Amino acid sequence: MARLLPIVQWAPKYERTWLRPDLIAGLTVAALVIPKSLGYAGIAQVPIQNGLYAAAAGAIIYAIFGTCKQIATGPSSALAAVAAGAVVTAGVRASSDEAVALVAAITFFTGILFLVLALLRMGWISQFLSKAVITGFLFGSAIEVVIGELSKLTGTSVEGANAWQKLFSWLQGLPELDLATLVLGVISLAIILGLRFAVPKVPGALVLVILGLLASAIFNLGELGIALVGEVPRGLPSLALPSLQFIIENIATIGAAAVGLLLIGFSQSAGDAREFASRHKYRVDINQESVAQGMANVGSGLVQGIPVSTSLSASSLNDSAGAKTPVASLTTGVLIILTLILLAPLFSFLPKGVLAAII
């Protein structure tokens with residue numbers, strides 16, 4: 001039991017002196033993860049609350065099954081970009097029920113592949129994954145994500161089957177940009193970048209979300225023609241297995257995306273777990289890390305979330321904030337759930353340009 005559920009091993013040995021730094025780290029990471037998860041859901045072509053579903057599931061489930069004390073698991077831009085590619089390939093309308101079902105099915109099967117990897121005890125292959133290839137892929141994903149968000153910063157529309165067509169379409173549409181949206185986008189970028197370089201310990205994404213909501217309420221930004229996120233329902237998702245018929249109809253798209261997500265997620269989680277374990281002088285089990293990532297994705301898929309994996313930025317923040325145990329990750333997950341229950345409707349008035357700046 002202790003081998004399959006590491007929490008059974010470390011929880012009885014938990015020391016009271018660890019609680020305060022764990023709670024502070026969990027709160028700090030939640031301040032970063034919540035606004036980013038909203039944006040990553042938009043990248044994945046699903047409603048923004050589905051990003052919070054994934055963030056909560058990833059944080060809580062990893063804490064139960066993971067062996068790394070500092071890892072923070074949740075959505076990322078690279079994973080969301082792969083999911084978005086699958087939505088486009090399948091010809092599904094963004095943010096529709098079909099898009100949600102497709103992304104959830106991809107997430108679920110990514111988790112199954114992680115569990116198969118762990119069952120076959122293939123953690124050793126992490127030593128042979130090319131860092132240059134993974135870095136190149138992430139760099140390419142970053143370019144695609146940035147191009148995809150440009151239209152939200154200028155209030156223009158874009159068309160195209162790939163990033164370069166979208167960029168050319170965006171450039172052609174610049175004469176029709178919305179001045180109010182552009183001003184908001186520039187101010188948002190200035191705030192988040194300024195905070196990042198001037199006061200790096202301040203959660204710039206959270207500050208920008210709060211300022212965006214205040215500006216929307218005070219200046220009625222929606223009436224000025226600035227696009228808002230739209231309705232975000234309060235509450236928790238229900239558990240749902242992917243429809244067998246839907247899976248059969250989209251098996252090629254689901255399978256290809258799941259394999260790609262497995263390779264990205266495995267390389268990230270294995271490398272990051274080893275790095276933090278080495279830094280703090282303890283050992284991690286890479287096969288158990290695959291179990292943790294697998295269960296996190298299965299859980300995210302069951303609650304209609306998007307793919308999750310190790311987040312290096314969130315994990316680094318978790319570490320620097322003083323996290324001692326996975327209780328920090330549990331704290332992050334609980335805070336995200338409370339946000340869904342109490343604060344979700346507030347995000348309905350958030351300008352899309354603010355999310356684009358965060359992304």
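Contact, in these legends, means heavy atoms within 4.5 Å. The views come from a predicted model, in which local features need pLDDT of at least 70, side-chain atom pairs count only at pLDDT 80 or more, and totals for chains, interfaces and linings use all residues. Residues are numbered from 1 along each chain as its sequence is written, and side-chain values use heavy atoms, with hydrogens and water left out.

**View A. C68 and its contacts.** Not counting residues up to four places away in sequence, C68 touches Y62, A273, F276, Y282, V284, E289 and P326.

View B. Helices here are DSSP runs (H or I, at least four residues), numbered from the N terminus.

**View C. E149 in helix α6.** Look for E149 in α6, which spans residues 131-154. E149 counts as buried because its relative accessibility is 7%. Leaving aside neighbours within four places in sequence, E149 is in contact with I43, A356 and I359.

**View D. Helices α8 and α9.** The axes (lines fitted to C-alpha atoms over the stretch in contact) of α8 (residues 179-198) and α9 (residues 204-219) come within 9 Å and cross at roughly 150°. The two helices are therefore roughly antiparallel (angles over 145 degrees). On the α8 side, the contact is made by S188, I191, I192 and L195, and on the α9 side by G204, A205, V207, L208 and L211.

Conventions. Axes are lines fitted to C-alpha atoms, for helices over the stretch in contact, and angles run from 0 to 180 degrees between N-to-C directions. Angles under 35 degrees count as roughly parallel, over 145 as roughly antiparallel, 65 to 115 as roughly perpendicular and the rest as oblique. Buried means under 20% relative accessible area, exposed over 50%, partly exposed in between (1.4 Å probe, protein chains only).
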